[in-house]
Amino acid sequence: MAMPAPVVTVDGPSGSGKGTLARLIAQRLGWRLLDSGALYRIVAAVALARRIDTANGGDLAAMAQQLTIEFRDEAVLVDGEDLSRRIREEAVGEAASVVAALPEVRAAVLRLQTDMRQLPGLVADGRDMGTVVFPDAPVKIYLDAGLEARAERRYKQLIDKGLPANLPALLASLRDRDERDKGRVVSPLKPAPDAFIIDSTSLSIDRVLELALDRVRAVGLMGDTNINQP
Ligand code: C5P
């Protein structure tokens, strides 16, 4: 049997910087990128738009299976409609963490994720990439950071994108999301037993990237030619 394409997983709580880290690793390796949170955000955004009950796992899964999702550079097209900005709104992030707790929704999203595992390799970020979706990944990173540092980063990201943001509300929302993501029965957020844990609270993104790439190099997934690329 052919060897499956290699995967680097990056899991962690909201706002830990895992999306940025995963994008930089993918660029450095020239691999595909899976932003699994975007899939849950898409399910939530479409459910809100179509007024589908976000507690009804069966209806949400049936809806999710019918969607045509395309990732084009930074843009996300859903049934041809550009939802890139909409899915980044806080209300959608909140609803995403609610629908993500439903087993039917997770099952519907699973296939979309594993389909993206293609050569030369995949960098996948989310909550359960290393524990459930790609348990055989040769490199698993768990990126953590303190709640306040994460809230401040998320605030800055939203402001930079020209979206509305409120720091106390973000803190409360991140705390709720942490509780939901860690406390749910299916695929709770937790480091895989073989994950390399990085606490980014007081580390620059450059340092975090360096630590992550050291791991990738240590398992022989990175040729020397890539090491000094920007
Ligand atoms: O990472 P992001 O904040 O975009 O994810 C949105 C929500 O989707 C998270 O709060 C989490 O509840 C859910 N999620 C998940 N499993 C993943 C990725 C995201 O449950 N692999």
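## Helix H2

How far apart are the end C-alpha atoms of helix H2 (residues 36-50), and what span should its 15 residues have at 1.5 Å a residue? In this predicted model, the end C-alpha atoms of H2 are 22 Å apart.

Helix H2 is largely enclosed by the rest of the structure, because 11 of its 15 residues are buried. Among these buried residues are Ser36, Tyr40 and Arg41, together with Leu39, Ile42, Val43 and Val46. Ala38, Ala44, Ala45 and Ala47 are also buried in H2. Just after the helix, arginine 51 adopts a positive phi of about 55 degrees.

Strand E3 (residues 69-72) and strand E4 (residues 75-78) run antiparallel and are joined by 4 bridges. Phenylalanine 71 has valine 76, in E4, as its bridge partner.

The hairpin has 2 residues between the strands. Within this hairpin, aspartate 73 takes a positive phi near 50 degrees.

## Alanine 151 in helix H7

Alanine 151 belongs to helix H7, which covers residues 147-160. Is this alanine buried or exposed? Alanine 151 counts as buried, because its relative accessibility is 0%, where the cut-off for buried is under 20%.

Apart from neighbours within four places in sequence, alanine 151 makes contact with Leu167, Leu170, Leu171 and Leu174. Alanine 124 lies 27 residues from alanine 151 along the chain, and the C-alpha atoms of the two are separated by 23 Å.

Key
Residues numbered from 1 in each chain as written. Predicted model: local features only at pLDDT ≥ 70, side-chain atom pairs only at ≥ 80, totals over all residues. Heavy atoms only, no water. Buried < 20%, exposed > 50% of the residue type's maximum accessible area, 1.4 Å probe, protein only. Contact = heavy atoms within 4.5 Å. Pairing = 2+ DSSP bridges. Expected span 1.5 Å × (residues − 1).
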